[in-house]
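Let's take a walk through this one together. Have the sequence and the 3D view open side by side.

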Amino acid sequence: MAKARGYLSLFGRRFFLIINTLTLDGFRSFSKARLDFLPGQNYIFGQNWQGKSSIVDAIGFVLFGLDVFPRKVAGTAINADHLVNEGCDRARVQLDFLLNDNPYTIERLLPGRQVTLKDGDRLAATGIKPVAEKLNALLGVDVKLFQNIFYSDQDELRKSLDFSPEERRVFIERLLGVEEWKQRIDLLRATKRSLEAFLEDLTAGRLGAFLSHVEQLDDDVETRKEEIEDLKKSMRELGRRAPRGITALRTSEKRSDAAIARLQHRELELNTKLTIEEHLSRGVRKGRCPTCTQAIPPALRVPRVKILSDSIRLLRAELAKVGRDLEKLEADFQESEFDQSYEDVAEMREVKATYEAATRQLATDQKRLTKLRVQAKTFGRKPQQVERTKQEMRFLERLENAIQDFRRLLRKRLVKQLMIGTNDFLSRFHDGDNDSIVKIDEELNIAVELHRSEQPIFNLSGAAKDILALALRYGLLKIAAGGISFFVLDEPTRHMDISNCRKLKGLFNDLLDCQLIVVTVNSEFSDASGRHFKVAKNESLHSVIAESW
């Protein structure tokens with residue numbers, strides 16, 4: 001099982017849990033069965049009604065117990081008796097798995113709902129609640145999240161593509177288990193409405209008008225304080241970068257301009273002189289004076305060429321130095337940002353004037369507020385009750401804003417990871433006609449780019465929607481899986497033709513970052529890489545593993 005060490009998630013963390021063996025004794029349609037899984041691909045075949053889905057149910061049950069199942073199916077409550085095979089008195093499900101390369105065993109017995117968790121040969125926890133707490137700490141996944149992701153039907157995910165944006169947002173938030181934050185906000189708002197109704201009754205009449213005035217003035221004072229603090233911060237920031245005086249700034253700018261102008265003039269002089277010298281040198285080398293065109297005796301030509309060559313070399317060296325100096329001066333001039341400095345000086349003056357005016361107004365308002373609060377004491381204890389109620393409402397409002405901010409931040413992070421996981425799955429799907437890229441915004445609106453053109457979801461073919469639904473489920477699993485590294489798919493090819501089934505098989509062959517458990521009636525996967533189990537009913541109508549290869 002050393003291969004399990006190499007499985008890395010897409011988001012920079014290692015997924016640890018790999019299923020080794022699942023043992024069923026008297027569970028649902030199975031009287032006895034043992035499945036030894038590979039760390040890679042595992043396929044469970046069989047016709048309808050043979051018991052394939054019982055294997056998926058067993059994985060969920062052994063990890064989380066009866067809570068993983070719906071409370072009722074077709075109006076009938078789920079209980080332990082429904083999970084025990086009709087020909088058996090008891091049922092046992094055992095799961096052996098690796099977690100961080102350490103072997104663990106969890107076993108559940110029915111009836112009685114006994115459960116034990118072992119870390120190697122050591123008993124780690126026993127009993128429903130201790131085992132649940134231990135697993136939650138190890139895996140980072142609770143029963144609700146596991147149920148939503150691992151037990152969400154593939155058809156339900158496909159239907160979600162046709163939802164309105166708001167419906168889709170609620171649906172995906174429910175899958176990820178973050179809809180509870182919306183419920184908390186709704187509860188906060190209901191509490192605020194009750195307080196508002198109480199406050200309206202309390203402040204009716206003359207007292208209400210007076211307190212409204214005090215409240216408005218108090219709000220003005222607090223707003224003014226916040227404004228002054230913001231102005232102080234602005235002045236400190238401007239003070240760090242703005243020059244101390246406009247005169248010094250202008251002198252520095254003129255000095256820089258003059259230095260640049262001198263070097264530019266010197267560069268022009270040197271270029272002109274170099275051009276002349278090079279022209280003379282070419283003429284002398286040819287044996288004729290470039291000015292009068294007369295022939296130059298050889299005895300004069302050689303020393304003259306040397307003199308000109310030396311002069312040209314010195315000119316080029318000086319020109320290169322002037323160029324470097326000029327480049328540095330111009331870079332320094334740009335870094336000085338004189339235009340920005342002038343703007344900073346002007347902004348500092350404006351901010352300072354605004355600060356002084358706000359400070360004067362605050363002093364006036366505070367003096368008036370102190371006087372009104374003294375007057376409020378004459379109304380007895382009612383104003384204090386009003387103030388306490390106002391404080392409670394302000395606290396609820398701050399709490400709601402904090403929850404909304406957290407909800408937006410959480411959704412932003414989840415959306416980013418969901419888009420990465422979804423597009424990773426799509427990029428592995430070997431289909432020349434399906435080069436789709438999914439874009440998901442923070443409100444969980446889904447856009448599909450196909451052949452470099454954005455397409456409405458309703459324009460996608462049925463197969464494309466199936467592929468997109470599978471990709472979304474993969475992305476959701478990567479977000480929610482915590483320490484779990486197996487990907488369970490129950491009938492993923494329900495609506496796919498043979499061609500797309502083959503392409504999906506190729507994708508599964510490339511899916512090396514998680515353990516794959518696929519339940520299917522499709523024989524197309526019989527030659528796929530990995531381990532295969534065939535489920536059938538025996539003469540006693542008990543499910544058995546008829547074949548494995």
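Start with Glu 491, which sits in the loop between strand S13 (486–490) and helix H13 (498–510); helices (H or I, at least four residues) and strands (E, at least two) are DSSP runs, numbered from the N terminus. Glu 491 has a positive phi near 55 degrees, though it isn't a glycine. Its relative accessible area is 11%, so Glu 491 is buried (buried means under 20% relative accessible area, exposed over 50%, partly exposed in between, with a 1.4 Å probe and protein chains only).

A word on ground rules: this is a predicted model, where local features need pLDDT of at least 70 and side-chain atom pairs count only at pLDDT 80 or more, while totals for chains, interfaces and linings use all residues. Residues are numbered from 1 along each chain as its sequence is written, and side-chain values use heavy atoms, leaving out hydrogens and water.

Arg 28 is another non-glycine with a positive phi, about 50 degrees. You'll find Arg 28 in the loop between S1 and strand S2 (32–36), and at 33% relative accessible area it is partly exposed.

Now look at strand S6 (residues 91–99), where eight of the nine residues are buried. S6 pairs with strand S1 (residues 18–25) in the antiparallel sense over seven bridges; pairing takes at least two DSSP bridges between two strands. Here Arg 92 of S6 is the bridge partner of Asp 25. S6 also pairs antiparallel with strand S7 (residues 102–110), over nine bridges, and Leu 95 stands opposite Ile 106 in S7. Two residues separate S6 and S7 in their hairpin, and Asn 100 in the turn has a positive phi of about 55 degrees.
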